[in-house]
Structure formats: structure tokens, C-alpha cells
Amino acid sequence: FEVLAREDPEIADVVIGELHRLRSGLQLIASENLTSPAVLAALGSTLSNKYAEGYPGHRYYGGCEQVDVAEELAVARARALFGAEHANVQPHSGASANLAAYAAFCQPNDVVLAMDLKQGGHLTHGSKVNFSGKWFAPVSYGVREDTELIDYDHLRDLALHHQPRMIIAGATAYPRLIDFAAFREIADEVGAVLVVDAAHFIGLVAGKAIPSPVPYADVVTLTTHKVLRGPRGGMILCREEHAKAIDKAVFPFSQGGPLMHAVAAKAVALKEAASTEFQTYAARVVANAGALATGLEAEGMRPVSGGTDTHLALLDLRGAGVTGAEAERRCDLARITLNKNAIPFDPQPPMTASGIRIGSPCVTTVGMTEADMGEIAKLIGRAVRAEPGTGAGDAELAEVADAVGRLVAAHQAYPEG
Ligand code: PLP
């Protein structure tokens, strides 16, 4: 870091500023985490320099003997951790992994059945502004209005009617377990490929806190930077029969040279995720999310679907009298970072939204417990009720920010220095 500070003080200031932001506030974005110093060391290594198009043993460049070892370790660790027949560790991101899954199985205009974006699906599940909606023919399933759980009967009806080439299970804002067996049955009934987009929850699978999609899916796409706590990146697990199609869909179809520093960092994260400490962490992530949801319910925010089985909860704020956007703004002012989020059947547009999404990975990584979650819920409640711009509201937000400062001081993300 001293070299960076000397060579480029402006960027060094950004790095320090971000570290300060992390250390001085509560991080509750469900898709974020605080990766280990070992992962950061691999990311900041000279492996970033190396071109390695191709796969270990079959590269288009010389000098790949070291990066081959890194990729082989990452692949072997991914296969062992998830019990997968094949792993591709090269996708640059979750969106790249999903693009490769489409490329491996679909032709332009093929029907793909995936979760409605307004009910928790991801951009790559058929958004009109994304390749998935522009180049393919998306059909969306969603949740039942009464239970706010995936409507498997409707999903099956849609599959029978539209005969999709591919069905995607997985979401970005669904707090409950997904019934992978039900998805498999429906996919088999209509002869569709089943892709599970496990980007959000794969870390809980790695830590054995929730059931694995691997035995059910043809392909599992994932991100390595969420609950899994690795570097920013993507990965694909699949059955051996799909290995060639997936590998070709990643390189050369949709990517060039892999980011070998990121591949090495994925290997480090996978080693960490195979430890018993990681299993303890994963169980705590789920317990903490549950405690947060319960605490927020007591503050007048309704947990969508009644609670959570995972690392995230979605809160309906209509009873609290604020929109998701306003709650996000007020929490920001109190040094609590979370995001506004549409709730199922949301009457508000997405940029306003009636809900917020909170996640427990970061606060669990820094060692906070269920008791701390109770305290955090109360602080969120106070921040959301405080009206900025009024004397009383500003004073309350300042007090909450101070309380946040005291809470996080005892649970620091990265050691001083
Ligand atoms: N799939 C799901 C379900 C996600 O939630 C996300 C990101 O939040 C992605 C894919 C895309 O991941 P990335 O942002 O790494 O492209």
C-alpha cells in the first residue's frame, strides 16, 4: 500500500476512504461481504499480468505453468466442496456465468422461464435491457400473493404452456429456500435444461447451512463474492455431460483471457469455505438474518413471506409509512448501508419501492451475534422513523450514527493498518 500511496495518492485516498467507510458503518447489503486478507493478497498479485486463454494444459499462450496450478486447484476445490462433476472457474462475474449458461443451451429467441424481476429475479433472468431479454424470449414465474412463496403450480402451468428450452431457479431477493426437486420435476416434464442461479446463497450451501442444488440442476451458476466471501467473480458447476458445452460457452464464446489473479483468489476462498469455521459462520449468517427479520418486525416492518431461511430478508415498509428509497436515504444518514427493494406486487416503481432488503453476511463476518442483530434492528427502526431536515429528525439520525459507530468499533472489518 505504501507504494500505491507514493505513486498515486489520489487512488490511495480512495482505498483508504473506502476502508474508513467499511470500518465506520454497518454493512447490510445482502450481496456483499468482507473477503479475507489472503483472498485480497491473491487478488493483488502478479498473476494479474498473465494471459492464459484456454484451459489448464490447453492454453493459447506459453508460460502458463504457474497459473495452470492455480486454476487446477480452484477447479478441484470447487468440485470437492460442492460435489460437482465439473467446474468452470473462469467467469468474470455472475452475469458472465449466466451468459455462458444461455450460450451453452439456447439459440436466439428460445423460450427461457425464470423468476420475475419485480418479484426477486435478476437482470439476467429476462430483463428487456439485458441480453437475456433482448436475445431470448423470457417468460416469468413469480410468487403467490397470499404466501409470497414461489408459486410452483403456476410455474408448472407456464412450463407446460410455453415449453421452455431452459428453466432458471434462483433469485436476488427471495428470502426462502427453493424447492429444487420441484423445479427438477417440472424441467423433466417439459424436457427443459434446469439452471440454478445460486449466486446469492451458494455460500450457505458451501457452509452446509442449507440444501444444495447440485444434485438437481444440470448447471449451477454462482458468484464468488457474496455469502461465499471470495473475490468478485463467477463460477459454473455442472454435470460431466455438459462440461464441454459450458467450457466452450465461457471461452471462446463469451470471454477472452481469464483473470488469473481472481481465479487464484477463488481457489483461496474455496479452501477457506471448506473449513469447519466456515460452517459455523454460515449457520450464524442464517441465525443473524432471522434475528434481524424478527427485530425489524417488532419495529413495524413486515418481513415478506413471514421471515427468512437464508442470509437475507425483505421488509415491507408500507406499515411504517415510508418508501424503500426514503428508508435507504435515512439509514445512509445514520451510517447504515442497505438497499431499497421492490416487494412482490409492489405498487411503487422500482426506484422508489415499498421495501428494503437486508443481509447478514458482512455483520456475521465481523463477528456480530443475534444479540447484536436485535440492537441493529432497533437502530434501523429509529433511523427509518427519523425525518431528515427537521431538528428532531436530524438529532435522532446523529444519535443513531453515534450508536452505530460504537457498535462497529467493537467489530472491525480489517485490522488497523
Ligand atoms: N444472479 C443473481 C441471482 C444475482 O443476484 C446477481 C448479482 O447480484 C448476479 C446473478 C450477477 O452477478 P454479478 O453482479 O457478479 O454479475
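View 1. For "domain: Serine hydroxymethyltransferase-like", the UniProt record (an unreviewed entry) lists residues 5-380. UniProt positions are given in the numbering used here, feature names are shortened, and annotations may be inferred rather than shown by experiment. What you're looking at is a predicted model: local features need pLDDT of at least 70, side-chain atom pairs count only at pLDDT 80 or more, and totals for chains, interfaces and linings use all residues. Residues are numbered from 1 along each chain as its sequence is written. In residues 5-380, the end C-alpha atoms lie 36 Å apart, and the span is 43% helix and 15% strand. Helices (H or I, at least four residues) and strands (E, at least two) are DSSP runs, numbered from the N terminus.

**View 2. Helices H15 and H16 side by side.** Two packed helices are described by the angle between their axes and the distance between the axes. Here, the axes of H15 (residues 370-385) and H16 (residues 391-409) come within 9 Å and cross at roughly 160°. Axes are lines fitted to C-alpha atoms, for helices over the stretch in contact, and angles run from 0 to 180 degrees between N-to-C directions. H15 and H16 are therefore roughly antiparallel to each other. For that label, angles under 35 degrees count as roughly parallel, over 145 as roughly antiparallel, 65 to 115 as roughly perpendicular and the rest as oblique. The crossing of H15 and H16 is left-handed (the near helix is turned anticlockwise from the far one by less than a right angle; clockwise would be right-handed). On the H15 side, look for Asp372, Glu375, Leu379, Arg382 and Ala383, which meet Glu396, Leu397, Val400, Ala403, Val404 and Leu407 in H16. Being in contact is about C-beta atoms, placed from the backbone, that lie within 7 Å. The residues of the contact of H15 with H16 divide into 7 nonpolar, no polar and 4 charged. Ala, Val, Leu, Ile, Met, Phe, Trp, Tyr, Cys and Pro count as nonpolar, Asp, Glu, Lys and Arg as charged, and the others, Gly among them, as polar.

**View 3. Arginine 330 and leucine 333 in helix H13.** Start with arginine 330, which sits in H13 (residues 324-333). Is arginine 330 buried or exposed? Arginine 330 is buried, with 23 other C-beta atoms within 10 Å. A residue is buried if 20 or more other C-beta atoms lie within 10 Å of its own, exposed if 12 or fewer, and partly exposed in between, with C-beta atoms placed from the backbone. Not counting residues up to four places away in sequence, arginine 330 touches Ala383, Val384, Ala386, Pro388 and Leu397. Leucine 333 also has its place in H13, and is partly exposed, with 18 other C-beta atoms within 10 Å. Leaving aside neighbours within four places in sequence, leucine 333 is in contact with Pro388 and Leu397.

**View 4. The UniProt "binding site" residues.** The annotation, from an unreviewed entry, covers Leu117, Gly121, His122, Leu123 and Glu240. They span 124 residues in sequence, and the farthest two C-alpha atoms are 30.8 Å apart, so they do not all gather at one spot. Leucine 123 is in the loop between strand E5 (111-115) and helix H6 (131-134), and is partly exposed, with 17 other C-beta atoms within 10 Å. Glutamate 240 is in the loop between strand E10 (234-238) and helix H10 (243-254). With 9 C-beta neighbours inside 10 Å, glutamate 240 counts as exposed. Leaving aside neighbours within four places in sequence, glutamate 240 is in contact with Glu85 and His86.

View 5. Most residues other than glycine have a negative phi, and most peptide bonds are trans. Now check out the peptide bond from phenylalanine 251 to proline 252: it is cis, with omega near 15°. Proline 252 is in helix H10. Glutamate 148 has a positive phi, near 60°, and lies in the loop between strand E6 (137-141) and helix H7 (152-162). Glutamate 148 is buried, with 23 other C-beta atoms within 10 Å. Phenylalanine 345 has a positive phi of about 60° although it is not a glycine. Phenylalanine 345 counts as exposed, with 12 C-beta neighbours inside 10 Å.

Note on methods
Contact = placed C-beta atoms within 7 Å.
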